[in-house]
Each structure stands twice: as structure tokens, then as C-alpha cells.
Amino acid sequence: MDSERTCDTTAAPHGTGTSPDLTGIRLAHRAMLADIDRLAGLLAGLASAGRPVPAGRAAAIAAYVHRHHAVVRGHHRGEDRMLWPLVLDAVPDAADTVAGLVRFADDHEALDALQAACGTAADRFAADPDGHVRELAGLLARQRDLLARHVAAEEEHLFPLINGRVPGAAYAAAEAGIRSADRSADPEWARGWLLSHATPGELHRLLPGAADPAAVRPLLRAYADEAEAVFAC
């Protein structure tokens, strides 16, 4: 993950069309990072406070950790199966790009393994909060740091390539394919989770006609109720 990544953006453009709209992937990245950061901060605070964690809240936190993992894994599967092949098609002879994408896929595998460890720790925490709060806090902090480096590298090296070389229509089709292939256990929650991190401008682009906050609020309800139980002081 820490090795330098380069992606060749000098290849001739592949196809035609408007520039891709990266609103969705930028929002997904920001939501993933914001949530892993506040999860890690929450558990660090609980670990340092030294006060008993109520069983109900521990169970809610563990469930939230699993939900967060599910949406991150879904995002990474979509990149591996649909987005990276599209990038390779746009610059088929760029060795640097191929090597960079292999390293990004390796990051996804490392994150999967770390998420598995976090998930096990979250289950232990739910069963015995005081005995496993430090374990879960440490694993979440490691996951936060790895995910932050990975996302920063993707946005620095791949987003300019996608913007410059991938036709907008092809990118939109890949995004649609990722959405249709999503097998989230609770898509309503996942949608609320994502939209809760959106700016008004992003909401307008993703949900035309959603300028009225009252129109968006019902979409957030399933997520907002759980987030309140997990992150409330």
C-alpha cells in the first residue's frame, strides 16, 4: 500500500463522450472515511474512558461495524469487477496503469482481511464489551489508516486518468452495473448511510428534485436511527 503508484495518463483517449461524473465515487469515499474515522474515535474514547459500556450499546456498535464493512466491501468489489476493467480498456498498453491497478486490488484484499479481524473483534466486544474494547479500537484504527492511504492514492492517481481517458457514457454504464450488482443486506440503510454524507449540491446531482430537505429525510431514517444509537454521547 505504501509503495508509490503511477498511472500513465498519456495514452490516447479511448472512445468519445463527456467527462465522467465522479460525484458518486467521491461521495462513497468520503462516507467510508468519515465513518471509519468516527468509529475508530468512538472506540478509542470508550477504551480510554474506562467506564463500563452498556450491553445494548455494545451490540449496536458491533452491528454498525458489520454494516460499514459490508458497504466498503461492496464498493471495492464494484471497483475490481467493473471499474478497473474499464480503466484498463481505456489505456490497454499502459504498464504503469496495470501495475497500479494490481496494487489497488492488493489493497482491497488487505482491507478484507483486516475487516474480517475487526468483525471478529466486534462480535467479541458485543459479548464482552469491557474485555474487548481495546482490541476493537486498535483494529479499527489500523483499518482507518489503511483505508485513508488507499483512497488518497486512488484519487490522486486514478481519478485524473478516468477523467481524461474514460468516456462519460462508459463510466455511467459501469456505475449502473455496480448498483445493479449490489447485494447489500439492507440497501435502504446503505442508501441512507451514503446520502447522509452528501452535500446539498451532491444530493441535487444524485437525486434531481431533492432540493427540499423534507424530500430527502425519509430516505435517511433507517440509517439515522441506528447512527444515533451508536454515536450519541
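1. Surface first. The chain exposes about 11300 Å², and carbon and sulfur atoms supply 56% of that area. Areas here come from the Shrake-Rupley method with a 1.4 Å probe, and for residues only the protein chains shown count as cover. Of the 233 residues, 42% count as buried, where buried means under 20% relative accessible area, exposed means over 50% and partly exposed lies in between (1.4 Å probe, protein chains only).

2. A word on the model. This is a predicted model, in which local features need pLDDT of at least 70, side-chain atom pairs count only at pLDDT 80 or more, and totals for chains, interfaces and linings use all residues. Residues are numbered from 1 along each chain as its sequence is written, and side-chain values use heavy atoms, with hydrogens and water left out.

3. Overall make-up. The chain has nine helices and zero strands, so from the N terminus on its elements read α-α-α-α-α-α-α-α-α. Helices (H or I, at least four residues) and strands (E, at least two) are DSSP runs, numbered from the N terminus. Of the contacts in the chain with a separation of 6 or more, 88% are between residues 24 or more positions apart; contact means heavy atoms within 4.5 Å.

4. How do helix H2 and helix H7 pack? Two packed helices are described by the angle between their axes and the distance between the axes. Helix H2 (residues 55-90) and helix H7 (residues 187-195) meet at an angle of about 85°, with axes 11 Å apart. That makes H2 roughly perpendicular to H7. For the wording, angles under 35 degrees count as roughly parallel, over 145 as roughly antiparallel, 65 to 115 as roughly perpendicular and the rest as oblique. The axes are lines fitted to C-alpha atoms, for helices over the stretch in contact, and angles run from 0 to 180 degrees between N-to-C directions.

5. Who touches whom there? On the H2 side, Tyr64, Arg67, His68 and Val71 meet Trp189, Ala190 and Trp193 of H7. By class, this contact has five nonpolar, one polar and one charged residues. Ala, Val, Leu, Ile, Met, Phe, Trp, Tyr, Cys and Pro count as nonpolar, Asp, Glu, Lys and Arg as charged, and the others, Gly among them, as polar.

6. Aromatic pairs. The whole structure holds five of them. Rings of Phe, Tyr and Trp (its six-membered ring) pair if their centres lie within 6.5 Å; planes under 30 degrees apart count as stacked, over 60 as edge-to-face and the rest as tilted. Tyrosine 64 and tryptophan 189 have ring centres 5.6 Å apart and planes at 75°, so this pair is edge-to-face. The pair links distant parts of the chain, with tyrosine 64 in helix H2 and tryptophan 189 in helix H7, 125 residues apart. Both tyrosine 64 and tryptophan 189 are buried. Tryptophan 84 and phenylalanine 104 make a tilted pair, 6.2 Å centre to centre with 35° between the planes. That pair joins helix H2 to helix H3 across 20 residues, and both of its members are buried. Finally, Tyr64, Trp189, Tyr223 and Phe231 form one aromatic cluster.

7. Is histidine 68 buried or exposed? Histidine 68, in helix H2, counts as buried because its relative accessibility is 0%. Leaving aside neighbours within four places in sequence, histidine 68 is in contact with Met32, Asp35, Ile36, Leu39, Gln143 and Trp189. Histidine 29 lies in helix H1 (residues 23-49) and is buried, with a relative accessible area of 1%. Not counting residues up to four places away in sequence, histidine 29 touches His75, Glu79, Val151, Glu154, Glu155 and Phe159.

8. Valine 65, in helix H2, is buried at a relative accessible area of 0% and touches Leu39 and Ala122, not counting residues up to four places away in sequence. Valine 230 sits in helix H9 (residues 213-231) and is also buried, at 0%. With residues up to four places away in sequence left out, valine 230 touches Leu42, Arg57, Ala60, Ile61 and Tyr64. Its C-alpha atom is 9.1 Å from that of alanine 62, 168 residues away along the chain.
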